[in-house]
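Please keep the sequence and the 3D view open while you read.

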Amino acid sequence: QMFKGFEKVKDVQYVYTPFDSSLCGVKLEANNKKQYLLTGQILSDGKVLIHLCNYIEPWDDLSLSQKKSLNQRYQMGCGCKVS
């Protein structure tokens, strides 16, 4: 995972989203085989929130260039933790 925001949240266990798409809620497959690239925001109480306006893609749908950039280039100078 790559995560920027450890100064606010040390460990992300849950990601929150509104209840349904009419409220901009995101539906993700909740099995262990599907991985996603998620962007969102950290609320003042430390919760991580995602909604339809964020960039959310299944990891397997990203191009090789995007994956390589996320794992190598994008972390340069961003202060992210990549694992």
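Which residue stands opposite glutamine 41 in β5? That place belongs to leucine 49. Before going further, a word on the ground rules: this is a predicted model, in which local features need pLDDT of at least 70 and side-chain atom pairs count only at pLDDT 80 or more, while totals for chains, interfaces and linings use all residues. Residues are numbered from 1 along each chain as its sequence is written, and side-chain values use heavy atoms, leaving out hydrogens and water.

**The overall layout**

The protein chain contains seven strands and one helix. Here helices (H or I, at least four residues) and strands (E, at least two) are DSSP runs, numbered from the N terminus. Of the 83 residues in the protein chain, 22% are buried; buried means under 20% relative accessible area, exposed means over 50%, and partly exposed lies in between, with a 1.4 Å probe and protein chains only. Contacts (heavy atoms within 4.5 Å) can also be sorted by sequence distance: among those with a separation of 6 or more, 46% link residues 24 or more positions apart.

The accessible surface of the protein chain is about 6,500 Å², and carbon and sulfur atoms hold 51% of that. These areas come from the Shrake-Rupley method with a 1.4 Å probe, and for residues only the protein chains shown count as cover.

**The sheet and its surroundings**

Three strands, in the order β2-β5-β4, form an open sheet with mixed pairing. Its edge strands are β2 and β4 (41–42), each of which pairs on one side only. Two strands pair if DSSP finds at least two bridges between them. In the case of β4 and β5 (residues 48–49), two bridges join the strands, which run antiparallel. Strands of a sheet pair through backbone hydrogen bonds, either parallel or antiparallel.

Tyrosine 16 sits in strand β2. Setting aside residues up to four places away in sequence, tyrosine 16 touches Lys47, Val48, Leu49 and Ile50. Its C-alpha atom is separated by 9.6 Å from that of glycine 40, 24 residues away along the chain. Tyrosine 14 lies in the loop between β1 (2–3) and β2. From tyrosine 14 to leucine 49 the C-alpha distance is 9.1 Å, across 35 residues of sequence.

Histidine 51 is in the loop between β5 and β6 (56–58). Apart from neighbours within four places in sequence, histidine 51 is in contact with Thr17, Pro18, Cys24, Val26, Gln41 and Ile56. Is histidine 51 buried or exposed? Histidine 51 counts as buried because its relative accessible area is 19%.

**The loop between β2 and β3**

Cysteine 24 is placed in the loop between β2 and β3. Its phi is near 70°, a positive value in a residue other than glycine. For cysteine 24, the nearest cysteine sulfur is that of cysteine 53, 4.9 Å away.

Leucine 28 is found in the loop between β2 (15–16) and β3 (36–38). Together with Val15 and Leu38, Leu28 makes a nonpolar surface patch of about 200 Å². Patches are built from residues with over 30% relative accessible area and no salt bridge, joining like charges within 9 Å and nonpolar side chains (Val, Leu, Ile, Met, Phe, Trp, Tyr) within 5 Å.

A salt bridge is a side-chain nitrogen of Lys or Arg within 4 Å of a carboxyl oxygen of Asp or Glu, and the count here comes to one. Glutamate 29 and lysine 34 form it, with their closest N and O atoms 3.4 Å apart.

**Accessibility of some residues discussed above**

| Residue | Relative accessible area | Class |
|---|---|---|
| Tyrosine 14 | 57% | exposed |
| Tyrosine 16 | 36% | partly exposed |
| Cysteine 24 | 31% | partly exposed |
| Leucine 28 | 34% | partly exposed |
| Glutamate 29 | 44% | partly exposed |
| Lysine 34 | 32% | partly exposed |
| Cysteine 53 | 64% | exposed |

How values were computed
Disulfide = S-S within 2.5 Å.
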